[in-house]
Amino acid sequence: MSVPTIGVLALQGDVREHMRALEDAGAKAVAVRRPGELETVDALVVPGGESTTMWKLAVTFDLLEPLRARVAAGMPAYGSCAGMIMLADRIEDGAEGQQTIGGIDMTVRRNAFGRQVDSFEADIDFAGRGALRAVFIRAPWVESVGPEVEVLARAEPGDRIVAVRQGPLLATSFHPELIGDAGVHSYFVEMVREF
């Protein structure tokens with residue numbers, strides 16, 4: 001698969017920015033809002049935004065169960081910020097009854113780095129590929145991971161886990177789509193080609 005078709009979950013969040021980064025990384029990007037559209041893609045990006053809103057809209061549009069089924073069947077997926085929360089098996093500080101797509105054996109703390117006014121940028125080492133500028137906006141962090149999860153990046157304060165991979169699933173606390181560098185998206189496109 002030289003040019004994979006990668007969907008961006010287009011219920012809420014920074015959809016256009018992810019689509020642009022995917023195109024820059026050599027993929028064909030399409031918006032996904034309905035179960036039928038989900039069936040046509042090779043992989044999916046779950047963008048940043050607001051995880052509780054995303055969960056509620058996924059339920060409203062009858063997408064939550066199809067998303068869970070595709071991820072459980074091995075579809076590659078990448079979640080940034082709120083998308084990281086959506087791919088987590090467990091959430092700390094979630095809204096009452098909040099559900100996720102799941103798939104990554106990790107516990108994620110919502111808004112762990114603080115509120116909107118606490119947003120920041122930092123240089124991190126991503127997957128041993130050297131320095132990457134990361135933008136953290138009301139970002140979660142990973143509290144704990146299971147034995148199958150590979151930690152790809154950490155950030156200060158506290159050497160917190162901010163990027164992980166488990167098989168065909170990738171998640172970051174930060175927003176690589178906002179920096180004009182398709183490095184993380186290129187890494188994901190390479191993952192999609194592997195599966």
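**Buried residues and helix packing in a predicted model**

The side chain of Ser173 places a polar atom 2.7 Å from the backbone oxygen of Pro140, a polar contact being a pair of N or O atoms within 3.5 Å, of which, within protein, one must be able to donate a hydrogen and the other to accept it, with residues adjacent in sequence counted only if both atoms are side-chain atoms. The model is predicted, and local features need pLDDT of at least 70 while side-chain atom pairs count only at pLDDT 80 or more, although totals for chains, interfaces and linings use all residues. Residues are numbered from 1 along each chain as its sequence is written, and side-chain values use heavy atoms, with hydrogens and water left out.

Ser173 itself is found in the loop between β12 (169-172) and α6, where helices (H or I, at least four residues) and strands (E, at least two) are DSSP runs numbered from the N terminus. Because its relative accessibility is 0%, Ser173 counts as buried, a term that stands for under 20% relative accessible area, as against over 50% for exposed and values in between for partly exposed (1.4 Å probe, protein chains only). Apart from neighbours within four places in sequence, the residues in contact with Ser173 (heavy atoms within 4.5 Å) are Cys81, Met84, Phe136, Ala139, Pro140, Trp141, Ile161 and Val162.

Thr172, located in strand β12, is likewise assigned as buried because its relative accessibility is 0%. Its side chain is joined to that of Tyr78 by a polar contact of 2.8 Å, and, with residues up to four places away in sequence not counted, Thr172 touches a set of residues including Gly79, Ser80, Cys81, Met84, Phe126 and Val184. Cys81, which is listed among the contacts of Ser173 and of Thr172, occupies the loop between β4 (77-80) and α5 (82-87). Cys81 has a relative accessible area of 4% and is therefore buried, and its phi is near 55°, a positive value in a residue other than glycine.

Helix α6 spans residues 183-194, and its 12 residues reach 17 Å from the first C-alpha to the last, close to the 16 Å expected at 1.5 Å a residue, the expected span being 1.5 Å times one less than the number of residues. Within α6, the buried residues are Val184, His185, Tyr187, Phe188, Val189, Met191 and Val192. This helix packs with α1 (residues 15-24) at an angle of about 65°, the two axes lying 8 Å apart; axes are lines fitted to C-alpha atoms, for helices over the stretch in contact, and angles run from 0 to 180 degrees between N-to-C directions. The two helices, α1 and α6, are therefore roughly perpendicular to each other, a class that covers angles of 65 to 115 degrees, whereas those under 35 count as roughly parallel, those over 145 as roughly antiparallel and the rest as oblique. Where α1 and α6 meet, His18, Ala21 and Leu22 of α1 face His185, Phe188 and Val189 of α6 in contact.

In the loop between β5 (88-92) and β6 (104-109) lies Gln98, which counts as buried because its relative accessibility is 13%. A polar atom of the Gln98 side chain lies 2.9 Å from the backbone nitrogen of Ala95.
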